[in-house]
Amino acid sequence: MATTLDVMTFNLRTPVRTAQPGDPDHWPTRLVATVELLRQRRPAVVGTQEGCDPQWERLLPALPHYQRLGSGRELGHRGEYSAILVDTALLEVDGWQQFTLSETPDELGSRSWDSACTRVAVVADLVVRATGDRFTVANTHLDHASERARVEGARLLRSRIGRRATVVTGDFNSRAGVARAWHESIEDGFVDTWLASHPDGASIDTFNGYREPGVGGDEPGRIDWILATPDIAVASSEIITDRPRLGEHRRVWPSDHWPVVATLRVG
C-alpha cells in the first residue's frame, strides 16, 4: 500500500546582519514564523536552501523531530547549507551524501561554469518506517548568475541520482517551464509536481521579496520546484502563503520565498 507524504522545498533566507526589529528581513522575528509554519504543516521532508549555522542553532532545538542532513558549502563546512530535514518519526535515513556542483564535485568549496559562488546538492536515501518502501530525495540551490552553471549543475545532480524513485527539491533560480535546466529535467523523465496537479500551469511567483502574492516585483515566476520520477504519484501541490501571527495582530514573513509543498504517494 502506498504511503502518502508531504515534501516541501523552502528557501529559509540567510540572516541579514543589518536587518533591525520591525524589518521583514529580521531573522529573530522570522525564526518564530518559520518554526510555527513547520510545526503546523509538519512535512515529512523539507529541502532547505540558504540556512546557515546561526539559524540552525535555533531551528533544530525547536524542531526536534527533524534530522538535518548536510553541511555548509564552503571550505571548513561554513556558509549556506542545502540541508534536507527528515521527520524521523516517519522515515529512516539509510544514507546520504553531499557534493559540490562543479567539475570537481568531491572538492568542497569548488566552483565551475562561471558560477558566482559554490553550490552543493544533498542526496538522501530514505525508508518509510511503516512500510519499508524506499525512495530518494535530492535537494539543491542552483546558481543565481550563470545559466551554464544551472544547466550543468542540474545535469550533475541527475547523474548522481540514477534511476531510483526520487523527489528533487530546490531553489533553481530560474523559471519552471522556461529554464533550460527545467526542460532537460522533464526530457530526462522527471515530472513537475506543480503541473501534475495544476495542468494549466498557473502559479504565483515563489520569490515574494516580502510582498503579498501578485504585488510588485519583476515576476521571477515559479523558481522553487519539486520534481519527481514517474513512479511517485502526485496527489496535490501548494504554494504556501501563510504568515504566522506574532502576538494578536501582526503577521510575520518566514522568508522572502514562499515554501512549496507536494503531497506524494510512495510505494
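## Strand β8, covered on both sides

Strand β8 (residues 166-171) is mostly covered, with six of its six residues buried (under 20% relative accessible area with a 1.4 Å probe, protein chains only; exposed means over 50%, partly exposed in between). Strands here are DSSP E runs of at least two residues and helices are H or I runs of at least four, numbered from the N terminus. This is a predicted model, where local features need pLDDT of at least 70 and side-chain atom pairs pLDDT 80 or more, while totals for chains, interfaces and linings use all residues. Residues are numbered from 1 along each chain as its sequence is written, and side-chain values use heavy atoms, leaving out hydrogens and water.

In a regular strand the side chains alternate between the two faces of the sheet. On one side of β8 sit Thr166, Val168 and Gly170, on the other Val167, Thr169 and Asp171, and all are buried.

## Neighbours of β8

β8 runs parallel to strand β7 (residues 134-141), joined by six bridges (strands pair if DSSP finds at least two bridges between them). Val167 of β8 is the bridge partner of Val137. With strand β10 (residues 224-228), β8 runs antiparallel through five bridges, and Gly170 has Trp225 in β10 as its bridge partner.

## Helix α2, two sides

Now to helix α2 (residues 53-62), whose buried residues are Gln55, Trp56, Leu59 and Ala62. Down the axis of α2 they fall within an arc of 140°, so they line one face of the helix (the arc is that of the directions from the helix axis to the C-beta atoms). Glu57 and Pro61, on the other side of α2, are exposed.
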